[in-house]
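Keep the structure open and click along.

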Amino acid sequence: MTQSVGIGTQTPDQSAILEVSSTQKGLLIPRMTENLKNQIANPATGLLIWQTDGTPGFYYNSGTPQGPKWLMLSVVDESNWSINGNSNIDENASFLGTTNQRPLRFRINNVWAGQLDSGKATFLGYKAGMAAPDKTNSAFGLEALSTASEEGNNTALGYFALRENRGGNNSTAVGASALQANTVGTRNTAIGAYSLGANTTGSNNVAFGDSALAVNTTSAGNTALGSAALKHNTVSGNTAIGQSSL
């Protein structure tokens with residue numbers, strides 16, 4: 001049976017091939033540059049070194065001798081963000097974001113869940129705006145503006161708002177499923193759950209209220225103000241004010 005070897009101790013632990021013990025000195029791992037590290041011939045899996053340049057730190061080979069893969073050992077650093085909360089926040093210096101002009105993006109289960117961009121689009125919600133992140137659109141809510149859009153200047157706020165929009169522009173949808181089916185209709189304003197929800201190609205419609213102009217698909221130039229106003233309307237050029245009017 002292989003005997004344990006001790007340095008600084010006469011009773012090395014029997015589970016260790018080598019135990020180094022000291023109350024005054026530490027263990028110094030071989031130090032080298034990144035270039036020297038990469039020149040090590042057939043480095044054993046688990047081989048550990050201290051890299052002195054680049055990003056200094058402990059690196060170990062997680063690959064094989066024939067295919068080395070050097071990884072840096074993670075270090076707990078209070079200057080880094082913790083997933084368990086942070087108590088070292090300086091509101092004037094600490095932030096979550098980027099330090100260049102590239103957008104900040106979010107994912108849920110590795111699926112697009114939003115983007116903050118300094119120049120074009122702002123999205124927040126599962127799949128919101130995912131198909132056209134470079135257009136001048138804004139969306140908040142599950143799958144809001146989630147279909148590929150060739151146009152911009154649209155605002156969607158709510159579950160499925162403007163979900164199917166492809167070629168429509170200059171439209172505003174606020175409310176669950178508002179303008180959900182719209183594909184190429186332009187300059188529509190829908191505020192209220194399901195308002196203009198079935199609209200596909202109709203343009204220049206204004207709907208304020210839950211289910212206002214809900215069934216409208218292709219008609220244009222309608223104005224509905226009130227819950228369910230013009231709900232079942234299918235023709236153009238109508239104005240209705242009041243709950244369930246027309």
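How many salt bridges does the count come to? The count comes to 3 salt bridges. Bear in mind that this is a predicted model.

## The salt-bridge network

Start with Arg 163 and Glu 143, whose side chains meet in a salt bridge at 2.9 Å, N to O. Arg 163 sits in the loop between strand 11 and strand 12, while Glu 143 sits in the loop between strand 10 (138-140) and strand 11, so this pair ties together parts that are 20 residues apart in sequence. Arg 163 counts as partly exposed, at 22%.

Arg 163 also meets Glu 164 through their side chains, in a salt bridge of 3.9 Å, N to O. Glu 164 is partly exposed too, with 24% relative accessibility. Glu 164 in turn forms a salt bridge with Arg 166, where the closest N and O atoms are 3.6 Å apart. Arg 166 is partly exposed, with a relative accessible area of 39%. Through shared partners, the salt bridges join Glu 143, Arg 163, Glu 164 and Arg 166 into one network.

## Overall shape

Now zoom out. The chain holds 1 helix and 16 strands. Along its principal axes, the C-alpha trace spans about 95 × 40 × 35 Å.

The 10 strands form an open sheet, running 7-8-9-10-11-12-13-14-15-16, with mixed pairing. At the edges you'll find strand 7 (104-108) and strand 16 (239-241), each of which pairs on one side only. From one strand to the next, the twist averages 15 degrees.

Strand 7 and strand 8 (residues 111-116) run antiparallel and are joined by 5 bridges; Arg 107 has Trp 112 in strand 8 as its bridge partner. By contrast, strand 11 (residues 155-157) and strand 12 (residues 172-174) run parallel, with 3 bridges joining them. There, Thr 155 stands opposite Thr 172 in strand 12.

## Positive phi angles

Which residue takes a positive phi in the hairpin of strand 7 and strand 8? It's Asn 109, with phi near 55 degrees, and the hairpin has 2 residues between the strands.

Asn 170 has a positive phi as well, near 55 degrees, in a residue other than glycine. You'll find Asn 170 in the loop between strand 11 and strand 12, and it is partly exposed, with a relative accessible area of 32%. Leu 179, another non-glycine residue with positive phi, comes in near 50 degrees. Leu 179 belongs to the loop between strand 12 and strand 13 (189-191). Is Leu 179 buried or exposed? Leu 179 is buried, with a relative accessible area of 0%.

## A nonpolar patch and the tail

Strand 1 (5-7) and strand 2 (18-20) are the elements that give two or more residues to the patch. Ile 7, which lies in strand 1, is partly exposed, with a relative accessible area of 46%.

Finish with the segment after strand 16, where Gln 243 is found. Gln 243 is exposed, since its relative accessible area is 67% and the cut-off is over 50%. Gln 243 and Gly 209 are 34 residues apart along the chain, and their C-alpha atoms are separated by 8.5 Å.

Technical notes: Residues numbered from 1 in each chain as written. Predicted model: local features only at pLDDT ≥ 70, side-chain atom pairs only at ≥ 80, totals over all residues. Heavy atoms only, no water. Pairing = 2+ DSSP bridges. Helix = DSSP H or I, 4+ residues; strand = E, 2+ residues; numbered from the N terminus. Axes fitted to C-alpha atoms, helices over the stretch in contact; angles between N-to-C directions. Buried < 20%, exposed > 50% of the residue type's maximum accessible area, 1.4 Å probe, protein only. Salt bridge = Lys/Arg side-chain N within 4 Å of Asp/Glu carboxyl O.
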